[in-house]
Amino acid sequence: MKRREALRNISTLVAVMATWPGFGAIAEAQPQAKLAKIGFLETRSASASGLELFQRDFRELGYIVGKNIAIESRFADDKLDRLPTLADELVRLKVDVLITPGTTAALAAKNATRTIPIVCINLGDPIAAGLVDSLAHPGGNITGFTSIAEVLAGKRLELLKETVPKLSRVAVLWNPQDPSSAQNWKESLLPARQLGLQLHSMEVSSADKYFVAFKEAIKARSAALAVVGTSLNNSNQKLIADLATKNRLPSIYSRGENVDSGGLMSYGADRTEPYKRVAWMVDKILKGTKPADIPVEQPMKFELVMNFTTAKALGLTIPPIVLMRVTRVVK
C-alpha cells in the first residue's frame with residue numbers, strides 16, 4: 001500500500017511540475033553529443049568537388065551530417081591564390097580534421113596549421129612537395145592518399161606511343177602555378193627521351209589561354225596531347241577534349257571522366273578508392289590516432305579508359321596491344 005501511495009504522489013508531483021512555466025524546455029534540454037567538425041578545402045568549385053564522394057564513404061562508417069559531424073567547406077574556384085585565405089578561415093573555425101584534395105590545397109593547409117590533423121586526397125609526390133617525411137612514417141600532422149601522378153606520367157606517354165606508333169612530338173598541357181603539375185612536367189622529360197618523343201610545353205594557368213596554347217602546339221607540329229590532371233584542366237575538360245579533337249590530337253588524361261567528356265583515353269588510379277581510404281583515415285583520427293602514425297597510401301586499382309567515338313572522329317585505329325588492356329569503353 002505504501003508503495004502505491006508513493007507512486008501516486010510522484011505522479012501528482014510530475015503533473016504539477018508540467019504546469020510550471022519553462023518546464024517543457026527544461027525537460028527537452030538533453031545533453032547533446034559534440035559534433036566532430038570536418039573542414040574541406042577544395043581547389044575546384046563546389047559543383048566539381050569530390051566532397052559528395054567523401055560524405056558517401058564517411059556515411060558508411062556511421063557519420064551523418066547534423067547528427068555526429070558538421071562539415072565546413074571552402075572552394076577556391078580554380079583560383080590558387082585564394083587557398084591560403086580559405087585555409088586560414090577553416091583553421092579559425094577550429095575544425096577537428098582538415099581534408100584537402102590536391103597538393104596545392106595541402107600546402108596551403110600546412111602553412112595554415114601545424115596542429116590540426118590534415119588528410120590529403122590525390123597528392124602528387126608528398127615527399128618532394130615537403131608535406132611528409134616518408135610514406136610509411138609521415139611525421140607531423142599530415143597523412144593521406146597519393147595518386148602517384150608523376151610516376152604515371154611516363155606510362156601515359158608510353159600508351160600514347162603504342163596507340164600512335166609513328167608518334168614523335170607530344171604536347172604536354174600543364175599549369176606552371178600548380179606545384180604538383182610542375183613536378184609532373186619534370187617527370188615526363190626522362191621517359192619522353194627514352195621513348196624517342198619530343199615534348200612541347202603547353203603552359204596554361206587560366207581558362208582564357210587554352211585556344212592560344214593549342215595554336216602554339218600545332219605550330220610546334222605536336223601530333224598528340226598529354227593532359228596533366230590539374231584542377232584547372234579538370235574544370236575545363238570538355239573544352240580541352242573538343243579542342244584536341246578539332247585539332248586532331250589524340251589525347252591522354254589521368255582521369256576517366258575526361259574520356260567521358262570526349263577525350264580519347266585515360267590511364268590512372270580508380271577515382272573512388274582514395275575517398276574510401278581517406279574516410280577511413282579521418283575516422284581513425286577522430287578516434288584518437290595521430291596522422292603521423294597513419295601511413296600515406298598509394299592506389300591499388302588502375303583503369304585504362306578508351307573513347308571509341310573520339311577514336312573514330314580522329315580516324316584512329318586502336319592497336320590490339322592497347323585494346324587488350326582497356327578496362328572501360330566509352331561509346
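Reply: Helices (H or I, at least four residues) and strands (E, at least two) are DSSP runs, numbered from the N terminus. Strand E12, residues 328–330, is the place of valine 329.

The model is predicted: local features need pLDDT of at least 70, side-chain atom pairs 80 or more, while totals for chains, interfaces and linings use all residues. Numbering starts from 1 along each chain as its sequence is written, and side-chain values use heavy atoms, without hydrogens or water.

Now the cavities. The structure has two of 30 Å³ or more (on a 1 Å grid over protein atoms alone, points where a 1.4 Å probe fits but cannot get out; lining residues have an atom within 4 Å of a point). Volume is the space filled by probe spheres on the points, joined across faces, edges and corners.

The largest cavity has about 80 Å³. Its lining consists of Ala153, Arg156, Leu157, Val172, Asn184, Ser188, Ala226, Val227, Val228 and Ile252. H6 gives the most, with three. By class, seven are nonpolar, two polar and one charged.

The second largest cavity has about 30 Å³. Val227, Val228, Gly229, Asn233, Asn234, Tyr253, Ser254, Arg255 and Asn258 line this cavity. Three are nonpolar, five polar and one charged.

Technical notes:
On a 1 Å grid over the protein atoms alone, a cavity is a set of points where a 1.4 Å probe fits but cannot get out, and a pocket is an open set with protein on both sides within 12 Å along at least five of seven lines; lining residues have an atom within 4 Å of a point. Ala, Val, Leu, Ile, Met, Phe, Trp, Tyr, Cys and Pro count as nonpolar, Asp, Glu, Lys and Arg as charged, and the others, Gly among them, as polar.
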